[in-house]
Amino acid sequence: MLLDRYQHLFFNSNFKEAASKPGVVAYRGEFILKEGEVADAQGRRGPPAAVLKQAALLAEGDDLKLLSGSLDELQEFPLLAEILGADLKAGAIVVLFTINIPKAFITTVNGASVVFIPLTEGMAWNELIDLVGLEKGDFKGQTSADKVVTVHEALKSEKFKYPESTLEEALKTTNNAKRVTHGAI
């Protein structure tokens with residue numbers, strides 16, 4: 001199973017579980033892009049240096065079907081592309097909410113369309129649900145994994161109307177935006 005190969009990169013996991021459809025597994029949590037430095041003589045590592053926050057992954061057998069989450073910087077995407085390697089291919093739906101980009105765009109990586117959408121505040125999962133027009137009632141009675149499947153099914157018919165760009169061109173337009181967080185009110 002594809003997600004088993006990435007188990008060591010799962011961090012602050014919400015869940016990794018099988019969906020009701022045989023061979024389909026979903027994960028939500030954080031996905032390590034760059035491990036922390038070795039912190040002591042026993043080889044324990046410090047916290048990760050970079051993560052894909054609020055990640056949602058869906059795999060069927062050895063095929064990546066959905067990848068979504070929040071990148072602090074577009075400059076972190078090459079780390080993700082390197083980790084996924086050949087698993088990032090045509091047929092995968094990739095939607096990455098990215099803090100330091102001024103406007104949304106689409107690029108192609110290994111045959112997969114990758115959608116980048118600016119997001120400085122909010123939750124990637126909620127934004128993904130809004131993007132495809134799903135509501136709370138659409139998930140009623142579903143397991144956590146089946147909710148990811150429902151979002152994937154909705155995304156399959158989504159036609160993103162963002163301009164195409166290369167990653168190299170988009171990297172030239174990044175800004176200094178930071179994640180907006182709000183404390184208790």
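These legends describe close-up views of one predicted model. Residue numbers start at 1 along each chain as its sequence is written, and side-chain values use heavy atoms, with hydrogens and water left out. Because the model is predicted, local features need pLDDT of at least 70 and side-chain atom pairs count only at pLDDT 80 or more, while totals for chains, interfaces and linings use all residues.

**View 1**
Strand 4 covers residues 63-71. Helices (H or I, at least four residues) and strands (E, at least two) are DSSP runs, numbered from the N terminus. Seven of the nine residues of strand 4 are buried, so the strand is largely enclosed by the rest of the structure. Buried means under 20% relative accessible area, exposed over 50%, and partly exposed in between (1.4 Å probe, protein chains only). Strand 3 (residues 50-60) runs antiparallel to strand 4, joined by six bridges. Two strands pair if DSSP finds at least two bridges between them. A59 has L64 of strand 4 as its bridge partner. The hairpin of strand 3 and strand 4 has two residues between the strands, and G61 takes a positive phi near 65° there. Strand 5 (residues 93-98) pairs with strand 4 in the parallel sense, over six bridges. Here L66 stands opposite I93 of strand 5.

E76 sits in the loop between strand 4 and helix 2 (77-84). E76 is buried yet has no salt bridge. A salt bridge is a side-chain nitrogen of Lys or Arg within 4 Å of a carboxyl oxygen of Asp or Glu. Which side chain of opposite charge is nearest to E76? It is K53, 6.2 Å away. For charge, Lys and Arg count as positive and Asp and Glu as negative; His and the chain ends are not counted. A polar atom of the E76 side chain lies 3.3 Å from the backbone nitrogen of D72. Leaving out residues up to four places away in sequence, E76 touches L33, A50, V51 and L71. Contact means heavy atoms within 4.5 Å.

Side chains of opposite charge can pair when their charged atoms come close. The whole structure holds eleven salt bridges. One of them joins D62 to R5, with the closest N and O atoms 3.7 Å apart. This pair links distant parts of the chain: D62 is in the loop between strand 3 and strand 4, R5 is in helix 1 (residues 2-5), and they are 57 residues apart. D62 is partly exposed at 45% relative accessibility. R5 is also partly exposed, at 42%. D87 and R5 meet in a salt bridge at 2.8 Å, N to O. That pair also links distant parts of the chain, with D87 in the loop between helix 2 and strand 5, 82 residues from R5. D87 is buried, with a relative accessible area of 11%.

**View 1. A salt bridge between K172 and E169.**
The closest N and O atoms of K172 and E169 are 3.2 Å apart. K172 is exposed, with a relative accessible area of 65%. E169 is partly exposed at 42%. Elsewhere, salt bridges that share partners join R5, D62 and D87 into one network.

The structure holds six aromatic pairs. Rings of Phe, Tyr and Trp (its six-membered ring) pair if their centres lie within 6.5 Å; planes under 30 degrees apart count as stacked, over 60 as edge-to-face and the rest as tilted. F10 and Y27 are stacked, at 3.7 Å centre to centre and 10° between the planes. F10 lies in strand 1 (residues 10-18) and Y27 in strand 2 (residues 24-34), so the pair ties together parts 17 residues apart in sequence. F10 is buried at 10% relative accessibility. Y27 is buried at 0%. F105 and F116 are stacked too, at 4.8 Å centre to centre and 15° between the planes. F105 is in strand 6 and F116 in strand 7, so this pair ties together parts eleven residues apart in sequence. Y6, F10, Y27 and F31 form one aromatic cluster.

Four of the five residues of strand 6 (residues 105-109) are buried. Strand 7 (residues 112-118) runs antiparallel to strand 6, joined by five bridges. T107 has V114 of strand 7 as its bridge partner. Two residues lie between the strands, and N110 in the turn has a positive phi of about 55°.

Conventions
Polar contact = N/O pair within 3.5 Å; in protein donor to acceptor, adjacent residues only side chain to side chain.
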